[in-house]
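Welcome, and thanks for taking a look. Below is a friendly tour of how the parts of this model meet, followed by a visit to two of its residues.

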Amino acid sequence: MSDIRQLYQRIIIDHANYPHHYGKLACPDFVRTCRNPDCGDTITVFVSIDTDCFNELNFVGDGCAISQASASIMTDTLIDKTVAEATQLIQEFQKLLLGQHITTGDLGDSVVFGKLKQFPTRVRCGALAWHAVSDVIEEWGKRSGQQINFSK
Amino acid sequence: MKVLMTIDNHLAYLDNASTTPVPQYVVDVIDHYYHCEKVNVHRGMYKLANVVTQQYEGVRQKVAKFINADDKNQIVFTSGTTDSLNMVAFGYALSHLQPDDEMIVSVLEHHSNLVPWQQVAAKSGGRLRIVKVDGKGHLDQKQLTKMINRHTKVVSLAMVSNVLGTYTDMRPIAQKAHEIGAVLVVDAAQAVAHMPIDVQKMNVDFVAFSGHKMFGPTGVGVLYGKSELLEEMNPVRFGGEMIDQVTSRSATFQPAPLKFEAGTPNIAGVLGLGAAIDYINGIGYPSIMGTDHLLVERLMSELNGLKFVTIYGSPSADDHKAVVSFNVEGIHAHDIATILDSVGVAVRAGHHCAHPLMDFLRTESVVRASVSFQNTIKEIDQLVVGIQKAREIFK
């Protein structure tokens, strides 16, 4: 077993205890809830996309430190990104969780979840918020007549 | 009898309510069947087929004695508790329920003793009613007494809660149910490894339990039913072995229990279940219950000493049959379970297939430590060390 502090790094604990961009948005363009039926963790994301830019991204949720911290750090990572950039970052994050090599440095603090691959039972916790945003991007694609599909 | 368990010996395994380890003896019996005797039951004309059929039917007799049923034909082999309860729901309840009839379960039921009845209610037009538990996790007997009325056809309750560990005495409930002509179904999955089950003394109508929660293999379980009820009950699976005579247009069925055992049964599983019963009988329930209690007492007194720990259900160790669920302030149950794993302690965290109970307890998930008699005080203490470590990490 890997050292447990590799998983529960300070930055994860801090985001779990004091999440960024936490709370509903008054008038979001998109709302998406993802739930992990095995453990009951839930994340709801509220997104405002102006033209093709993530103007606002908030979340509320219930669940473990990993799922909540991942959502919080994700909001920091994706706000002000274009949909195309966000799409790429989500794909990079998926690779990171699988332990694959990633090319971009734009994931910011989200790279901390690279350690999750050593804790396979917790990978889905880290992925939950990102799934919610990928659903939002697919929906945004539909509304704007583009086909965007994430492999899940 | 050798008490060599097959789960990693370095792991403090406190997830026995999920499934118990199997002793080497049980593995040996299953192994012997597959290596030396792997033939079918009830059909072959050769001697070995007869030998294995005798062993298989011998386990039926053994189960009957184990739960004090007076006839081995009251014992149906199933794939587990879920299968057993579904058989009663769809083979018995569905054909006995009229619109406006009622069924009763409690808020602490495992989904396996809730969802089948929801389905029966939807299909029959009947109504499913939910009895609450009190602050200590005991069934609200007053509410149950009020709830049982002339429309009640089925009452189905867990003997021991898989989350709170509380035990329900079925005798008075059986009496009330029988007064108005309802049947009492008992989910004994969580009870069977920890206390003797006496179907005659309880005077209940159906009892369901699983092999894998009583030191046996997965994929095998038992449904006990009173003879006249099994006779009335319809099979829900059809095919070979369960038939009497078949024409191209119709079929008649064997009497119980064979009419419920369509197809080739889980022979290895049944033989393993028989070995598990031998194993439990070899240790003896008085000894098992004594050790369970010592372990739970230690766990409760340690957890009660930690101000930041909330224990669900009763504060008394006596009310927890081998199961204690708790949460640590400010730390999610899954994080506790992962950190406990890092110190070599296996517990379950989550909703424990009991969503309505989680809602009732006003939580999403809990940490559950569940013991069996092979656990040690040292393993309990290791859990407490892990909780302290989690507190440090989350400081």
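The report that follows covers conventions, two interfaces and two residues.

## Ground rules

This is a predicted model, in which local features need pLDDT of at least 70 and side-chain atom pairs count only at pLDDT 80 or more, while totals for chains, interfaces and linings use all residues. Residues are numbered from 1 along each chain as its sequence is written, chains are lettered from A and ligands numbered from 1 in the order in which they are written, and side-chain values use heavy atoms, with hydrogens and water left out.

## Two domains in chain B

Chain B splits into domain 1 (24-282) and domain 2 (284-393); the bounds come from an automatic or database domain assignment. Between the C-alpha centres of these two domains of chain B there are 29 Å. Contact (heavy atoms within 4.5 Å) involves 32 residues of domain 1 and 30 residues of domain 2 of chain B.

The size of an interface is often given as the accessible area lost when the parts come together. Here, the buried area (accessible area, 1.4 Å probe, that two parts lose on being put together, summed over both) is about 2,500 Å² between domain 1 and domain 2 of chain B, with carbon and sulfur atoms giving 65%. Of the area that domain 1 of chain B buries against domain 2, 27% is supplied by B:Val163, B:Leu164 and B:His194, more than by any other three residues.

How many salt bridges cross between domain 1 and domain 2 of chain B? The rule (a side-chain nitrogen of Lys or Arg within 4 Å of a carboxyl oxygen of Asp or Glu) finds 0 there. Polar contacts (pairs of N or O atoms within 3.5 Å; within protein, one must be able to donate a hydrogen and the other to accept it, and residues adjacent in sequence count only if both atoms are side-chain atoms) link 13 residue pairs between these domains of chain B, both residues being at pLDDT 80 or more.

## Where chain B meets chain A

Together the two chains bury about 1,500 Å², 54% of it on carbon and sulfur atoms. The count of salt bridges between chain B and chain A is 2, and B:Glu392 and A:Arg5 form a salt bridge through their side chains (3.7 Å, N to O).

There are also 7 residue pairs in polar contact across the interface of chain B and chain A (both at pLDDT 80 or more).

## Two buried residues

B:Asp101 sits in the loop between helix H3 (81-96) and strand S3 (102-106) of chain B. Its relative accessible area is 7%, so B:Asp101 is buried (under 20%; exposed is over 50%, partly exposed in between, with a 1.4 Å probe and protein chains only).

B:Ser370 belongs to strand S15 (residues 366-370) of chain B and is buried, with a relative accessible area of 1%. A polar atom of the B:Ser370 side chain lies 2.8 Å from the backbone nitrogen of B:Ala17.

Notes:
Helix = DSSP H or I, 4+ residues; strand = E, 2+ residues; numbered from the N terminus.
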